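Me: I have a structure open and I'd like to talk it through with you. Can we take it one topic at a time?

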Amino acid sequence: LYLCDADGAYRVTFAGGMTHSSNGIHFDGTTGYGDTHLDDNFTAEGNKHLSVYSRTDYTGTVCSIGTFQAGIASTMFLIKYASNDGYFRLSWGSSPDATITNSKGYFLASRDSSTSCEIYQDGTLKNTRTQGTGTGAIPYYIGANYNAGSAASFSPREYCFWSVGTGLSSTQCADLSTRVEALQVALGRNN
């Protein structure tokens, strides 16, 4: 797994239990995660996106990608956290952001304004909502959540794509969703 960036400085450091295969990476749900070494403050607070392609339908208190430190920042994906609630945080928030009935597929949240966040599942807009504020020099973890210095909320899902970057317009979100799905189909691993 590789995070694209201009200077080649960011790589994922994996720890704990997971299985890598041609389908992606399947975390064990108890110890496995990856440290991206990319801080939450890599870009302006109102200008970021996160996305993830999950190959597993699972309901539980697990994080697909995220970082959290009380009073500083909360940027994370908790897909199908409880019941059908999906939490997609791009700098704080406290209530469910979208109804998610199946956590398989491509999820994208983008913020290109100071407060408005769009949430997509498989290219379909699920919700537009107001997000809070707060960023910090704390890293994103994949397959778990960075929480005040250690990994937490470990995911048992299999993933085959992540992206982190600046905020995307609605058109760019649709284009990225189309391209990510085409890549998964070409690789024979779409849901």
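Me: Which residues form one aromatic cluster here?

Reply: Keeping in mind that this is a predicted model, the residues that form one aromatic cluster are Tyr33, Tyr141, Tyr146 and Phe154.

Me: And how many aromatic pairs does the structure hold?

Reply: The structure holds eight aromatic pairs. One of them joins Tyr141 and Tyr146 in an edge-to-face arrangement, with 5.3 Å centre to centre and 90° between the planes.

Me: Are Tyr141 and Tyr146 buried or exposed?

Reply: Tyr141 is buried, since its relative accessible area is 7%, and Tyr146 is buried as well, with a relative accessible area of 12%. Another pair is made by Tyr159 and Trp162, which is tilted, with 5.1 Å centre to centre and 40° between the planes, and both Tyr159 and Trp162 are buried.

Me: Let's change topic. How many helices and strands does the protein chain have?

Reply: The protein chain has one helix and 16 strands. The helix, α1, covers residues 170–186, and its 17 residues should span 24 Å at 1.5 Å a residue, which agrees with its end C-alpha atoms being 24 Å apart.

Me: Which residues of α1 are buried?

Reply: The buried residues of α1 are Cys173, Ser177, Val180 and Gln184. They cover an arc of only 70° around the axis, so they lie on the same side of α1.

Me: Why would residues a few places apart point the same way?

Reply: An α-helix has 3.6 residues a turn, so residues three or four places apart point the same way.

Me: What follows α1?

Reply: α1 is followed by Gly188, and the phi of Gly188 is positive, near 70°.

Me: On to charges: how many salt bridges does the count come to?

Reply: The count comes to one salt bridge. Arg55 forms a salt bridge with Glu158, and their closest N and O atoms are 3.0 Å apart.

Me: Where in the chain do Arg55 and Glu158 lie?

Reply: Arg55 lies in the loop between β5 and β6 (65–69), whereas Glu158 is in strand β16, so the pair ties together parts that are 103 residues apart in sequence.

Me: Is that pair buried or exposed?

Reply: Arg55 counts as buried because its relative accessibility is 19%, which is under 20%, and Glu158 also counts as buried, at 13% relative accessibility.

Me: Next, where is His20 found?

Reply: His20 is found in strand β2, which runs over residues 18–21. At 48% relative accessibility, His20 counts as partly exposed. If we leave aside its neighbours within four places in sequence, His20 is in contact with Phe14 and Ile25. The C-alpha atoms of His20 and Glu158 are separated by 9.3 Å, although these residues are 138 residues apart along the chain.

Me: Last one, what share of the protein chain is made up of buried residues?

Reply: Buried residues make up 49% of the 191 residues in the protein chain. As for its surface, the protein chain exposes about 7,900 Å², with carbon and sulfur atoms supplying 49% of that area.

Note on methods
Residues numbered from 1 in each chain as written. Predicted model: local features only at pLDDT ≥ 70, side-chain atom pairs only at ≥ 80, totals over all residues. Heavy atoms only, no water. Phe/Tyr/Trp six-rings, centres within 6.5 Å; stacked < 30°, edge-to-face > 60°. Buried < 20%, exposed > 50% of the residue type's maximum accessible area, 1.4 Å probe, protein only. Helix = DSSP H or I, 4+ residues; strand = E, 2+ residues; numbered from the N terminus. Expected span 1.5 Å × (residues − 1). Arc of directions from axis to C-beta. Areas by Shrake-Rupley, 256 points an atom, 1.4 Å probe, with all protein chains shown as cover. Salt bridge = Lys/Arg side-chain N within 4 Å of Asp/Glu carboxyl O. Contact = heavy atoms within 4.5 Å.
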